[in-house]
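Please keep the sequence and the model in view while reading.

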Amino acid sequence: MRFRIASVSEVEVGRAVAVEVNGRRIALCRPAPDEFYAIDDTCSHALASLSEGELMEYEIECPRHGAHFDIRTGEALTLPATKPVRTYRVAVDNGEIHIELPD
Ligand code: FES
């Protein structure tokens, strides 16, 4: 299912924002003006909101223990996280950002 989650103008370049969609908390990341990626907002290591971490190009740093994740693949790049976070397909249409969630 496809959901509208934000307008392009609501997400600063180089930042991530948390959005709630259909009971899920998603970190919507904008590493470059025309690039958006969506991953689960909850860190795979423990309870922390990845959207509150620092976004460095395609890596986001968990604000709690500092694990890095690749926002394109969800892969955990550094300890203490060892499991990936889920990623979601993003589409931008007329300045509106949509994501695909599994049915
Ligand atoms: S909660 Fe994210 S690295 Fe520990």
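Pro80 is placed in the loop between β7 (68-70) and β8 (87-88); strands here are DSSP runs (E, at least two residues) and helices are DSSP runs (H or I, at least four residues), numbered from the N terminus. A cis peptide bond joins Leu79 and Pro80, with omega at about 10°. The structure is a predicted model, in which local features need pLDDT of at least 70, side-chain atom pairs count only at pLDDT 80 or more, and totals for chains, interfaces and linings use all residues. Residues are numbered from 1 along each chain as its sequence is written.

**Overall form**

- The protein has 10 strands and zero helices, and from the N terminus on its elements run β-β-β-β-β-β-β-β-β-β.
- The radius of gyration, taken over C-alpha atoms, is 13 Å, close to the 13 Å that the globule rule gives for 103 residues, so the protein is as compact as a globular protein of that length. That rule is 2.2 Å times the number of residues to the power 0.38.
- Taken along the principal axes, the box filled by the C-alpha atoms is roughly 40 × 30 × 20 Å.
- Of the 103 residues, 32% count as buried. A residue is buried if 20 or more other C-beta atoms lie within 10 Å of its own, exposed if 12 or fewer, and partly exposed in between, with C-beta atoms placed from the backbone.
- Among contacts between residues at least 6 apart in sequence, 40% join residues at least 24 apart; two residues are in contact if their C-beta atoms, placed from the backbone, lie within 7 Å.

**Sheets**

- Four strands form an open sheet with antiparallel pairing, in the order β2-β3-β4-β8. Its edge strands are β2 (15-21) and β8, each of which pairs on one side only. Two strands pair if DSSP finds at least two bridges between them.
- Within this sheet, β3 (residues 24-32) and β4 (residues 35-40) are joined in the antiparallel sense over five bridges, and Ala27 stands opposite Ile39 in β4.
- An open sheet of three strands has the order β5-β6-β7, again with antiparallel pairing. Strands β5 and β7 stand at the edges, each with a single partner strand, so one side of each is left without a neighbour in the sheet.
- β5 and β6 run antiparallel and are joined by two bridges; Leu55 stands opposite Ile60 in β6.

- In soluble globular proteins, nonpolar side chains tend to be buried together.
- The largest nonpolar core has 26 residues, and those with the most contacts inside it are Ile26, Leu28, Cys29, Ile39, Leu50 and Phe69. The elements that give two or more residues to this core are β1 (2-7), β2, β3, β4 and β10. A nonpolar core is a set of buried Ala, Val, Leu, Ile, Met, Phe, Trp, Tyr and Cys residues joined through C-beta atoms within 7 Å.
- Not counting residues up to four places away in sequence, Ile26 touches Ile5, Val19, Val21, Ala38, Asp40, Asp41, Tyr88 and Ile99.

**Positive phi angles**

- Glu57, in the loop between β5 (55-56) and β6 (59-61), has a positive phi of about 50° although it is not a glycine. Glu57 is exposed, with 11 other C-beta atoms within 10 Å.
- Asn94 lies in the loop between β9 (90-93) and β10 (96-100); its phi is near 55°, a positive value in a residue other than glycine. Asn94 is exposed, with 6 other C-beta atoms within 10 Å.
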